[in-house]
Amino acid sequence: MTLTEARLLVAGVGNIFLADDAFGPEVIRALDRRPLPPGTRVRDFGIRGLDLAYELLDGYTTAVLVDAAERGHRPGTLSLIEPDLPDGGPGAAPPEAHGMDPAKVLALAAHLGDGTLPRVLVLACEPATRPRADEDIAPGLSTPVSDAVAHAVEALHVMVPALLADPAATPALRRQEESADPSAAGLAH
């Protein structure tokens, strides 16, 4: 599939060396064994925010970012978030070219692009383990977040066909361990 054929981007974000922050890349790895339908580009961006910002400007109708995000739920809980997109105008958050704070990546993409950004949804997983300030590396997912990887793959296999058919759709997360609140919220990272 060429990039021009892909209408939907599924982007894994997070640092594989920082415990549960590796949730997004692990979901993308799991999708290698169970690919999403044509029309979808699946890519692990890790902590390469600049790469993701440019990718968001490539003509997608929808982008689903897969990330760990603290939302106050039980560890391993999946949430679907639709963040408010920055307009890139005066007073907007300053763009950041390095790092992977999704809100800053969206601000950078809005700043770089001439057109509008695609619709952005975040499939977020509540982390159980974050590295302490004195730790440089804390590899490995916690048990609840590791278990949530398979649930996220399942959720994406429901969401993506619905979003390809109707980019304005907001597919509900259906499992008991998933948040039923598809709140529109800023990204806390």
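The model is a predicted one. Its chain holds 4 helices and 5 strands, and, read from the N terminus, these elements follow the order β-α-β-α-β-β-α-β-α. Of the 189 residues, 47% are buried. As for how the chain comes together, take the contacts with a separation of 6 or more: 80% of them link residues 24 or more positions apart.

The 5 strands form an open sheet in the order 2-1-3-5-4, and the pairing is mixed. Strand 2 (40–46) and strand 4 (78–81) sit at the edges; each has a single partner strand, so one side of each goes without a neighbour in the sheet. On average, neighbouring strands are turned by 20 degrees against each other, direction ignored. Further in, strand 3 (residues 62–68) and strand 5 (residues 119–125) run parallel and share 7 bridges. Val-66, for instance, has Leu-123 of strand 5 as its bridge partner.

Helix 4 (residues 143–165) lies across strand 1 (8–13) as well as strands 2, 3, 4 and 5, and its direction makes an angle of about 160 degrees with strand 5.

Then there is the packing. The largest nonpolar core has 28 residues, and the members that touch the most others are Val-10, Phe-23, Val-27, Leu-31, Val-64, Leu-78 and Leu-156. At least two residues of this core come from each of strand 1, helix 1 (23–33), strand 3, strand 4, strand 5 and helix 4. Helix 4 provides the largest share, 11 residues. In soluble globular proteins, nonpolar side chains do tend to be buried together.

Leu-156 gives a closer look at the packing. Leaving aside residues up to four places away in sequence, Leu-156 touches Val-10, Val-27, Leu-31, Leu-36, Val-64, Val-66, Leu-123 and Pro-161. Two of these names have come up already as bridge partners, Val-66 and Leu-123.

A last stop is Val-105, which belongs to helix 3 (residues 102–112). Its relative accessible area is 2%, and because the cut-off for a buried residue is under 20%, Val-105 counts as buried. The C-alpha atom of Val-105 is 5.6 Å from that of Ala-53, although 52 residues separate the two along the chain.

How values were computed
Residues numbered from 1 in each chain as written. Predicted model: local features only at pLDDT ≥ 70, side-chain atom pairs only at ≥ 80, totals over all residues. Heavy atoms only, no water. Buried < 20%, exposed > 50% of the residue type's maximum accessible area, 1.4 Å probe, protein only. Pairing = 2+ DSSP bridges. Axes fitted to C-alpha atoms, helices over the stretch in contact; angles between N-to-C directions. Contact = heavy atoms within 4.5 Å. Core = buried A, V, L, I, M, F, W, Y, C linked by side-chain atoms within 4.5 Å.
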